[in-house]
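Please have the model open as I talk.

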Amino acid sequence: MKFDPLRREAVGWVRQLTSGQATAADAEALRSWCAQSAEHAAAFAAASRLWRDLAPAGRNVRAAAMARQSRSASRPLNRRVLLGGGLAAAASAAGVYALARPPLGLWPSWSEFAADYRTATGEQRSVALPGDVSIRMNVQTSIALRPADPGVARIELLSGEAAFGTTGRSFGVRAADRWILADNAQFDVRYVPAGGERPVCVTCLKGALKVERGAEVTAMKEGQQLRYDARGESLAAADIEVASAWQRGFLLFRFTPLADVVEEINRYRPGRIFIVNAEIARLPVSGRFRIDRMDEILTQLQQAFDARVRLLPGGIVLLS
């Protein structure tokens, strides 16, 4: 499929906005470009929706690839393994990119093959597994069921965030390269790969946990939080109120850089907010915001930082 010149320009604008190098001048230029005609505005809206829909798929592809590498070769084959493994073996680099980002959604993304349960932007859902295992999925989350011994439940968090609870049954959650194991506990696991440090965050809300990677075992107790990535891990006291706020319908921030706040907000609302003023991106934000009133955050940020808010088609917001 080939994009016409107008669509190519629209995709170019989206790339510029997501590059981290956008400036206030770029925002003004984009506004002028969209104002040229209804076709310009519609092209930008379509490109923005495409970027919004496909960005989570790209994250899930990386997570699914890590999952396949860690599985035992003796695992029984099923539909997901045949599709994922066969495609991975046969695809070129360009083919893998096409699986991660299917143009205009013409075929399912790789993440859709890998996940048994998924939530979209702004969507939360509950899942109950046999044996008193409960899962509360946050927004933009993908999980997959994994084979286990009788009486033992196993799932993999491919990406996103979920709260888990088990009473009297062995239960394991895999996130990146480790297993989080519990018998009678409540805990939250967040895995949102973004290139930063310690992308996996495990919070023990009640009971006790064991986090295993091969022979390495880290014990956790109630009120502790473990962050880890391929480079190592750090265990510290948890801010339970912040970690569990989403389960009560809120986002809670304490002196969090505005750039990180906006990145989190984008998981909950359609469209996307872009910061085009590097000076305000580092400013700290503290506050509690209702998930069902995400757009009210824009007004509060505008007032708190004396920022300019530009609304564009496709739910795109420029904050400068």
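Let me start with Arg269, which counts as buried because its relative accessibility is 7%, where buried means under 20% relative accessible area, exposed over 50% and partly exposed in between, with a 1.4 Å probe and protein chains only. What you see is a predicted model, in which local features need pLDDT of at least 70 and side-chain atom pairs count only at pLDDT 80 or more, while totals for chains, interfaces and linings use all residues. Residues are numbered from 1 along each chain as its sequence is written, and side-chain values use heavy atoms, with hydrogens and water left out.

Arg269 sits in the loop between α8 (258–265) and β13 (272–275); helices (H or I, at least four residues) and strands (E, at least two) are DSSP runs, numbered from the N terminus. Which side chain does the side chain of Arg269 meet in a polar contact? The partner is Asp295, at 3.2 Å, and the Arg269 side chain also reaches the backbone oxygen of Gly315 at 3.3 Å. A polar contact here is a pair of N or O atoms within 3.5 Å; within protein, one must be able to donate a hydrogen and the other to accept it, and residues adjacent in sequence count only if both atoms are side-chain atoms.

Turning to the nonpolar cores, meaning sets of buried Ala, Val, Leu, Ile, Met, Phe, Trp, Tyr and Cys residues joined through side-chain atoms within 4.5 Å, the largest has 29 residues, and Ile180 and Phe187 have the most contacts inside it. β5 (153–175) is among the strands that each supply at least two residues of this core, and β5 gives the most, with eight residues. A second, separate core of 23 residues includes Tyr268, Ile297, Leu298 and Leu319.
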